[in-house]
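Please look at the sequence and the structure below. Then read the short report that goes with them.

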Amino acid sequence: YKVTSVAFSPDGQRIVTGSYDNTLRLWDLQGNSISQPFQGHDGWVYSVAFSPNNQMIVSGGLDGTVRLWDLQGNPIGQLFR
């Protein structure tokens, strides 16, 4: 899959990626996937970031939405349009 966005967690222990396959993925620093792909966007994921407390991830996509996630890939609250 093609990566469109990358961010380090504030504690420096994880990386999150967004991609053309409409998913986010969470990685350790050795390049191992540490979760199932986060699914919920209906278009490419162009932007990803961790919250300052390392507890959430935010993503923005070509589908015109912004979503909040916990670190297990579960959506938090309603999506933003």
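Predicted model: local features only at pLDDT ≥ 70, side-chain atom pairs only at ≥ 80, totals over all residues.

Residues are numbered from 1 along each chain as its sequence is written, and side-chain values use heavy atoms, with hydrogens and water left out.

## The sheet

Start with the strands. Here strands (E, at least two residues) are DSSP runs, numbered from the N terminus. Two strands pair if DSSP finds at least two bridges between them.

An open sheet is formed by 4 strands in the order 1-2-3-4, with antiparallel pairing. Strand 1 (3-8) and strand 4 stand at the edges with a single partner strand each, so one side of each is left without a neighbour in the sheet.

Now go through the pairs. Strand 1 and strand 2 run antiparallel and are joined by 5 bridges. In this pair, F8 has I15 of strand 2 as its bridge partner. Strand 2 and strand 3 also run antiparallel, and 5 bridges join them. Here V16 is partnered by L26 in strand 3, and T17 stands opposite R25. Strand 3 and strand 4 (residues 38-39) are antiparallel too, with 2 bridges. T23 has Q39 of strand 4 as its bridge partner.

What sits on the two faces of strand 3? T23, R25 and W27 lie on one side, L24, L26 and D28 lie on the other, and all are buried. Buried means under 20% relative accessible area, exposed means over 50%, and partly exposed is in between (1.4 Å probe, protein chains only). The count for strand 3 is 6 buried residues of 6.

V16 belongs to strand 2. This residue counts as buried because its relative accessibility is 0%. V16 and V6 are 10 residues apart in sequence, yet their C-alpha atoms are 5.7 Å apart in space.

Most residues other than glycine have a negative phi, and most peptide bonds are trans. N22 has a positive phi near 75° and is not a glycine. N22 lies in the loop between strand 2 and strand 3. Its relative accessibility is 23%, so N22 counts as partly exposed. N54 also is not a glycine, and has a positive phi of about 65°. N54 sits in the loop between strand 5 (45-50) and strand 6 (56-61). At 11% relative accessibility, N54 is buried.

## Charged residues

Side chains of opposite charge can pair when their charged atoms come close. A salt bridge is a side-chain nitrogen of Lys or Arg within 4 Å of a carboxyl oxygen of Asp or Glu. How many salt bridges does the whole structure hold? The search finds 2.

| Salt bridge | N to O distance |
|---|---|
| D11 and R14 | 3.7 Å |
| D21 and R25 | 3.1 Å |

D11 is partly exposed because its relative accessibility is 36%. D21 is partly exposed as well, at 32%. R25 counts as buried, at 16%.

D70 lies in strand 7 (residues 66-70). Is D70 buried or exposed, and which side chain of opposite charge is nearest? D70 is buried and has no salt bridge, and the nearest side chain of opposite charge is R14, 11 Å away. In that search Lys and Arg count as positive and Asp and Glu as negative, while His and the chain ends are not counted.

The D70 side chain does have backbone atoms beside a polar atom. The backbone nitrogen of G73 lies 3.1 Å from a polar atom of this side chain. For the backbone nitrogen of N74, the distance is 2.9 Å.

## A surface patch

Which residues form the nonpolar patch on the surface? They are Y20, W44, Y46 and L62, with about 400 Å² of accessible area together. Y20 sits in the loop between strand 2 (14-19) and strand 3 (23-28). Its relative accessible area is 33%, so Y20 is partly exposed. Patches are made of residues with over 30% relative accessible area and no salt bridge, and nonpolar side chains (Val, Leu, Ile, Met, Phe, Trp, Tyr) are joined within 5 Å, like charges within 9 Å.

Terms used: Areas by Shrake-Rupley, 256 points an atom, 1.4 Å probe, with all protein chains shown as cover. Polar contact = N/O pair within 3.5 Å; in protein donor to acceptor, adjacent residues only side chain to side chain.
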